[in-house]
Amino acid sequence: MVGMPLVLPSMDPTPVLSTPTETPPPQTSDGEILARRHLWLAALHQLALADGQFAPEERRMLEQSLADELPGESLDGLHHPGDGALLHRLGQSTPEAEQFLRSAVVVALADGRLGEAELTLLRHWSELLQVGQAVVAELHEEQATHGDSD
């Protein structure tokens, strides 16, 4: 799986850690695109740290995405966004919000486990952005069936 684009089964084959690269609407400035990429990766970093264990798989995945999307930036320089920033940059029920949540799921599962703190944050983002409720519910059911230690 290392070095390959990460995709979720039964979803479109867009690499899920990629930040939005589609042609933006005419009103979207380069600064807006850069800000969205920064927020996207900062939120994924926040998720990776949520369980108190920044697994090597999560670190590699995020560092590679950061190098590809925001060369010269470091994970330590990312400021974790609040709800208002996520809503402002991604919107509710938008394709960008859906893609972001897909990315978040991949990061949460990168180390092969899903902690309660990660699931809580995924659930919160799903409700906030009004996307991915079925995916998060399935993750919750899977966790309830198999359990988790944190």
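Reader: Are Asp51 and Arg113 buried or exposed?
Author: Both Asp51 and Arg113 are buried, where buried means under 20% relative accessible area, exposed over 50% and partly exposed in between, with a 1.4 Å probe and protein chains only. This is a predicted model, in which local features need pLDDT of at least 70 and side-chain atom pairs count only at pLDDT 80 or more, while totals for chains, interfaces and linings use all residues. Residues are numbered from 1 along each chain as its sequence is written, and side-chain values use heavy atoms, with hydrogens and water left out.

Reader: What do Asp51 and Arg113 form, and how far apart are the closest N and O atoms?
Author: Asp51 and Arg113 form a salt bridge, with the closest N and O atoms 3.0 Å apart; the term stands for a side-chain nitrogen of Lys or Arg within 4 Å of a carboxyl oxygen of Asp or Glu. Asp51 lies in the loop between α1 and α2 and Arg113 in the loop between α4 and α5, so the pair ties together parts that are 62 residues apart in sequence. The helices named here are DSSP runs (H or I, at least four residues; strands are E, at least two), numbered from the N terminus.

Reader: How many salt bridges does the structure hold?
Author: The structure holds 6 salt bridges, and one of them joins the side chains of Glu32 and Arg89 at 2.3 Å, N to O. Because Glu32 lies in helix α1 and Arg89 in helix α3, this pair ties together parts that are 57 residues apart in sequence.

Reader: And which residues are linked with Glu32 and Arg89 in a network?
Author: Arg36 is linked with Glu32 and Arg89 in a network of salt bridges. Glu32 counts as buried at 17% relative accessibility, whereas Arg89, at 22%, counts as partly exposed.

Reader: Changing topic, which residues have the most contacts inside the largest nonpolar core?
Author: Those are Leu86, Phe100, Leu122 and Trp125, in a core of 34 residues. A nonpolar core is a set of buried Ala, Val, Leu, Ile, Met, Phe, Trp, Tyr and Cys residues joined through side-chain atoms within 4.5 Å.

Reader: What does Leu86 touch?
Author: Leaving aside residues up to four places away in sequence, Leu86 touches several residues, among them Leu39, Phe100 and Trp125, where contact means heavy atoms within 4.5 Å.
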